[in-house]
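Subject: Handing over a structure, with notes

Dear colleague,

I am passing on the structure we spoke about, and my notes follow below it. Please read them with the structure open beside you.

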Amino acid sequence: MSFDIVGDVHGHADSLKALLRSLDYEERNGVWRHGEDRRVIFVGDLIDRGPAQLETVAIVRRMIEADTARIVIGNHEFNAVAFATLDPGNPGRHFRQRKGNNVLHHSVFLDAVGGADTPLHRELIDFFRAMPLWLDLPELRVVHACWSSQAMAALQGHVDNEGRLTDAGFMVALSQGTPAYEACETLLKGPEMALPAGIWYRDAQGSKRKRCRTRWWDATANTLRSACTEEDIAGQLPDDPLPPDTEISLDDSKPLFFGHYWMQGVPSLTSNKLTCLDFSIAKGGVLCAYRFDGESELQTPRLRWVS
Ligand SMILES: [Mn+2]
């Protein structure tokens, strides 16, 4: 089976259509499909930020229904489910509270569906809930942010045998502080580490952060300095070993594709075993795909992209 794995789309439907065209897909009877036996796999984060979120979701949904595409859930779809789901432990409140930045960052999507809790909103939330957390196919693996067998083990009993959270599983996984919640954070946002006392930075939203994402995909990144994804502060960090609870045992026994990390510049492979496909279409970058035909070592010319 051959696949074209597509990075975070974030509402950029025109770029998605251009990318599909460049990969020799065409739209027939409302569904994008390839003439030969190829399917798309999306790494999640279809929504938020971009201008055509509903069209993006509609394209992907029709492809999934026609079995010309598959998907894993991104943190933005997971957050959308949390925003739409009442927390029985806090009567009247949703798991993701409907205030402040939670509303601001989601407002284009909410406006597009006609507001929170409208029939279209509920319908798309059901679509998001049916997305698996990961895909483990015979030839390759896909996850939104980080492949972690520890996180997957922590979700045992909460997911079905296709990696989808069950209804009961969602109620646990949406509850902050549970092992299932932490496991979803790792899979969908990637592992983080605490910074040493006194070191902090401001994230893209201007918030003060005392934790940073780690370069979990690099087996040699085993010190605070080498593991920190924030280039601006990495140089201030000591070359001390990572705290043991931040370690993720890297498993690259099959080709692995992920998104989420807002990579910059001309797309390149993360390594010849695994690669990030998020090249920041929503921040002036490109929408990137990898054309996979069963090879066990990834090849740079198989990266394709459109701006
Ligand atoms: Mn993401």
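Is aspartate 45 buried or exposed? Aspartate 45 is buried, with a relative accessible area of 2%, where buried means under 20% relative accessible area, exposed over 50% and partly exposed in between, for a 1.4 Å probe and protein chains only.

Before going on, please note that this is a predicted model, in which local features need pLDDT of at least 70 and side-chain atom pairs count only at pLDDT 80 or more, while totals for chains, interfaces and linings use all residues. Residues are numbered from 1 along each chain as its sequence is written, and side-chain values use heavy atoms, with hydrogens and water left out.

The metal site

The manganese ion has as its protein donors Asp45 (OD), Asn75 (OD1), His144 (NE2) and His260 (ND1), which lie 2.1 to 2.3 Å from it; donors are N, O and S atoms within 2.8 Å of the metal (3.2 Å for Na, K and Ca), and since water is not among the atoms, sites may look incomplete. Along the chain these donors follow the spacing D-x29-N-x68-H-x115-H. Aspartate 45 sits in the loop between β4 (38-42) and α2 (53-65), and histidine 144 in the loop between β7 (141-143) and α7, so the pair ties together parts that are 99 residues apart in sequence. The helices (H or I, at least four residues) and strands (E, at least two) are DSSP runs, numbered from the N terminus. Histidine 144 is also buried, with a relative accessible area of 0%.

Glycine 163

Glycine 163 lies in the loop between α7 (149-154) and α8 (167-173), and this glycine is buried, with a relative accessible area of 2%. Leaving aside neighbours within four places in sequence, glycine 163 is in contact with Pro132, Leu133 and Trp134, where contact means heavy atoms within 4.5 Å. Between glycine 163 and aspartate 136 there are 8.7 Å in space, C-alpha to C-alpha, although the two are 27 residues apart in sequence.

Helix α1

In helix α1 (residues 13-22), the buried residues are Ala13, Ser15, Leu16, Lys17, Leu19 and Leu20. An α-helix has 3.6 residues a turn, so residues three or four places apart point the same way. Just after α1, aspartate 24 takes a positive phi of about 70 degrees.
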